[in-house]
Amino acid sequence: MTDTADTTVSRRDLLCTIAGCAAAASVAGCSEPTHTDFFRHHLHELTPEQLKAMLADLEQEFSAKYGKDVTVAMTEARPGVSFAYALDLSRCIGCRRCVHACVKENNQSREPAVQWIRVLEMDKEKGIDLHHANAYYEAETVPRPGHFYMPVACQHCRNAPCVKSCPVGATWQEPDGIVAIDYDWCIGCRCCMASCPYGARHFNWAEPELPAEELNPKTHYLGNRPRPKGVVEKCTWCIHRTREGLYPACVEVCPVGARKFGDLNDPASEIRYVLENKRVFVLKSELNTRPRFYYFYGV
Amino acid sequence: MRNHSLPRWLAAFALAALPLAGCDAHDHEEDFPSSIGAPPVEAASPQGIHVPPPPFSDGVFPCSDCHDPEMLLPNPRRRKLEMAHQEIELKHDAEHRWCLDCHDAANRDQLHLAGGELVPFEESYRLCGQCHGDKYRDWRAGVHGRRTGKWDGDKEYLLCVHCHNSHAPHFAPIAPMPAPKRPVRTP
């Protein structure tokens, strides 16, 4: 880098000045303080102090906006943990409980509606054929005779096309396998959406509408914190829950127990039992994306 | 870079070696309790599997309130029930099954296994597991049925009968939640 100590200092001075002005303005009621810091470094280059200050700014901003205490955690990946997910296609009944639990847990925009999970209905006669899959099925009760259901969300690929196609490094794979997005670094170019073969990424075309009473105040910086307009988002395996040892919300809500989650490095985990004992496949294996999301047949 | 930690042999094993799965290490009873850790708040059974209380219909338990051997002699004859429990429609291999195959005639507050061993309702999974051994094995491993709690610690189990009506065990269809809106294509 060509930055000299002088320019660095002057940048810091500039930022301090801007922050000071913003604080003064907010006290005066002229404008709201903003966490968006155009001059900050990439998340991976922040010092612990800078990160802490940034999270505190966000917490303050969200708490003021939604009128309740919002926490923004940056819980790190647990060393030695390698997450994977498995979904039992022989059990799923297509009830969409997971879709709506996910929206509630992860603070997705209600209008325009953003949903990280899509449940595809397919004909048993045709098998898994994405060309005739229908995500918009309506029914009195499910499962409908002659159909089966395949929920699709982010596959958390080991060889993720979205990560490779992001021109600014706003999305990457975490050490525990979760593919994460820094919404404040995303430029909204949607290259990742074009490259994702699973349609798992969603763009905030409008300012996300999230009623304050529906906000889940326990958030993670790389997960369910409220998003701005113009950025891409997707399933994070409930990073704010799973990094605390909890199951993702979709796992807990599934009425038929079709969803399994755990640590591949733990031989006693449910996910290892599935991989060792069931018929397992990954979606679009021919693309060599090497998903961490497995489908299996439990019977 | 990192994150290539899943050995390829594991995936290959999972895909290729599945027919060998009949005799796996998870089949040992003593392996099981260690994987679920300390008990959640619910009732604990002697086997170390922690499940919530059985979902009895209101007021039916203890069964011996009505089935008092001094007041009401057990009638072991297979018949259409007319004095009580008429609402129960047996759709569980009804041709071959009958109340007293599972419910114990002498001790109505318990169930019995095929060999005659009494089991409390809290351990009804042992009874189900006699015929549905493959499901029982998966359930104990946490793979059949819903789990809540922690992926790395305490898990809450459900009894088979929390999801399956033991008299008509087929999982009942339910109403789906709303479909997503179709994207609007503007001309």
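How many residues does the contact take from chain A, and how many from chain B?

A: Happy to. Please keep in mind that this is a predicted model. The contact draws on 47 residues of chain A and 36 residues of chain B. On the chain A side, several elements each supply at least two residues: α3 (97–106), β10 (259–263), α8 (270–277) and β11 (279–281). Of these, α8(A) gives the most, with six residues. Sorted by class, the side of chain A that touches chain B has 22 nonpolar, 13 polar and twelve charged residues.

Four strands of chain A make up an open sheet, in the order β10-β2-β12-β11, with mixed pairing. β10 and β11 of chain A are the edge strands, and each has a single partner strand, so one side of each has no neighbour in the sheet. From one strand to the next, the twist averages 30°.

In the loop between α3 and β3 (118–123) of chain A you will come to P112(A). The peptide bond that joins E111(A) to P112(A) is cis, with omega about -5°. Another cis peptide bond runs from V142(A) to P143(A), with omega near 0°; P143(A) sits in the loop between β3 and β4 (147–152) of chain A. One more backbone detail is C238(A), which has a positive phi of about 50° although it is not a glycine. You will find C238(A) in the loop between β9 (232–233) and α6 (239–242) of chain A.

Stepping back to the whole of chain A, the domain assignment gives domain 1 (5–70) and domain 2 (71–299). Where the two domains touch, 13 residues come from domain 1 and 14 residues from domain 2. The domain 1 side of that contact has seven nonpolar, three polar and three charged residues. Helix α2 (residues 48–66) of chain A has 19 residues and spans 27 Å from its first C-alpha to its last, close to the 27 Å expected at 1.5 Å a residue.

Finally, a word on confidence. The model scores ipTM 0.84 and pTM 0.82. Chain A has a mean pLDDT of 90, with 87% of its residues at 70 or more. Residues 1–12 of chain A have pLDDT below 50, and that stretch makes two contacts beyond near neighbours in sequence. Residues 20–33 of chain A also stay under 50, with nine contacts beyond four places in sequence. For chain B the average pLDDT is 77, and 74% of the residues score at least 70. Residues 1–46 of chain B stay under 50, although the model has 55 contacts beyond four places in sequence for them. Where pLDDT is low, the predicted coordinates should not be read in detail.

How values were computed: Residues are numbered from 1 along each chain as its sequence is written. Chains are lettered from A and ligands numbered from 1 in the order in which they are written. This is a predicted model: local features need pLDDT of at least 70, side-chain atom pairs count only at pLDDT 80 or more; totals for chains, interfaces and linings use all residues. pLDDT is the predictor's confidence in each residue, from 0 to 100. Two residues are in contact if their C-beta atoms, placed from the backbone, lie within 7 Å. Ala, Val, Leu, Ile, Met, Phe, Trp, Tyr, Cys and Pro count as nonpolar, Asp, Glu, Lys and Arg as charged, and the others, Gly among them, as polar. The expected span of a helix is 1.5 Å times one less than its number of residues. Two strands pair if DSSP finds at least two bridges between them. Axes are lines fitted to C-alpha atoms, for helices over the stretch in contact, and angles run from 0 to 180 degrees between N-to-C directions. Domain bounds come from an automatic or database domain assignment.
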